[in-house]
Amino acid sequence: MSTINWERYEVLTQTPGAPGFEQEMRKVMRSYISEVTQEIVQDRLGGIFGVKRGTGQGPNILLAGHMDEVAFMVTRITAEGFLKFQTLGGWWSQVMLAQRVDVITRAGKRIPGVIGSIPPHLLSDERRNKAIEVSQMFIDIGATSEEEVKEWGIRLGDAIVPHCPFVEMEGGKRLMSKAWDNRFGCGLALEVLESLVDTDHPNTVYAGATVQEEVGLRGAGVAAEMIRPDVFFAVDSGPAGDTPGVSEGFGKIGAGVVIRIYDRSMITSPGMRDFMLDTAESEQIPYQFFVSQGGTDAGRVHQTGIGIPSAAIGICARYIHSHAAIVDKEDIEAAKAFALALIKRLDQSTFESILDR
Ligand SMILES: [Zn+2]
């Protein structure tokens, strides 16, 4: 039987949280964390973490997802009432046209819109075969003028998030939604905190989520400066490479927890890699190695202070950095079992053996 709170993943994925605009997500995280622990810390960029103190003198562990999702920002309102926008995080122009979005006003209201596209009837042959630049795109919220847009409470600098509902796919194994990158990690941090309530662990665990990962790992550094952990686990979702047209991709959904051995932001140390490998093998947790040209918060945290041994673990998800990403439930189960097993084993002598190798 599943031990995962799947309904909560619906809340987490559907809450808006553009990079730098994580306030609503943080409120959601705070309310879930406070059900488990009264000890909560928050850094001044907005990262939030619950604390569980274990029985031993073991290391301080930070385990974190990130609250932000790839999104947009309103940069100009045209006289006709269309919105021009800036991307926040990594987007590919081809996945954007004709997609629904929600503009988030300063009052927190969600105003629906669509990234406008040109109907085929109006496309010249030359135009049809050319990709449209993001700078040419606009959002239609159904307004008739700039004044009307302002009356509706929209201002320059407001955040815009993708719109895609949370659905369980036919067969019940897989879930589709916006923002699996990285509400998966936020949910997993909550799962870990809850499980530690009745589990002995030889260390102190800070579990929660950072901010502004998608615009360059900006929130992770300040969180690490505040907590000064001995070990860091970034819990994140990487791009699955198991679909038609991707050759030699890493990451297959349904094939287990992802252990990153290399990405553009960090080389996993041999000590950390072996610790993870031994744990997955002896606990019989399905795992897959992962190599990515992206990065995770571990890329920032391992370089802070005097150096913090770090790892990036998690799942892979199809179609991340687009509206509709797909994950496999069994991968999330495996990631939870893996994170808990790593924490239970991480006492002072294991920590020292990770450093030694
Ligand atoms: Zn991402």
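## Aromatic rings and their neighbours

R8 lies over the face of Y32, with 5.1 Å to the ring centre. This is a predicted model.

A pair of aromatic rings is described by the distance of the centres and the angle of the planes. The structure holds 7 aromatic pairs. In one of them, the ring planes of F72 and F85 stand at 70 degrees, over the 60 degrees that marks an edge-to-face pair, so this pair is edge-to-face. Its ring centres are 5.2 Å apart. The pair links distant parts of the chain, with F72 in strand β4 (residues 71-77) and F85 in strand β5 (residues 82-88), 13 residues apart.

F72 also forms an aromatic pair with W91, and this one is stacked. W91 lies in the loop between β5 and β6 (100-104), 19 residues from F72 in strand β4, and this pair too links distant parts of the chain. The table sets out the two pairs of F72.

| Pair | Centre to centre | Angle between planes | Arrangement |
|---|---|---|---|
| F72 and F85 | 5.2 Å | 70 degrees | edge-to-face |
| F72 and W91 | 4.7 Å | 25 degrees | stacked |

Are these residues buried or exposed? Buried means under 20% relative accessible area. F72, at 0% relative accessibility, therefore counts as buried. F85 is buried as well, with a relative accessible area of 9%, and W91 counts as buried at 15% relative accessibility.

Technical notes: Residues numbered from 1 in each chain as written. Predicted model: local features only at pLDDT ≥ 70, side-chain atom pairs only at ≥ 80, totals over all residues. Heavy atoms only, no water. Phe/Tyr/Trp six-rings, centres within 6.5 Å; stacked < 30°, edge-to-face > 60°. Helix = DSSP H or I, 4+ residues; strand = E, 2+ residues; numbered from the N terminus. Buried < 20%, exposed > 50% of the residue type's maximum accessible area, 1.4 Å probe, protein only. Lys NZ or Arg CZ within 6 Å of the ring centre and 35° of its normal.
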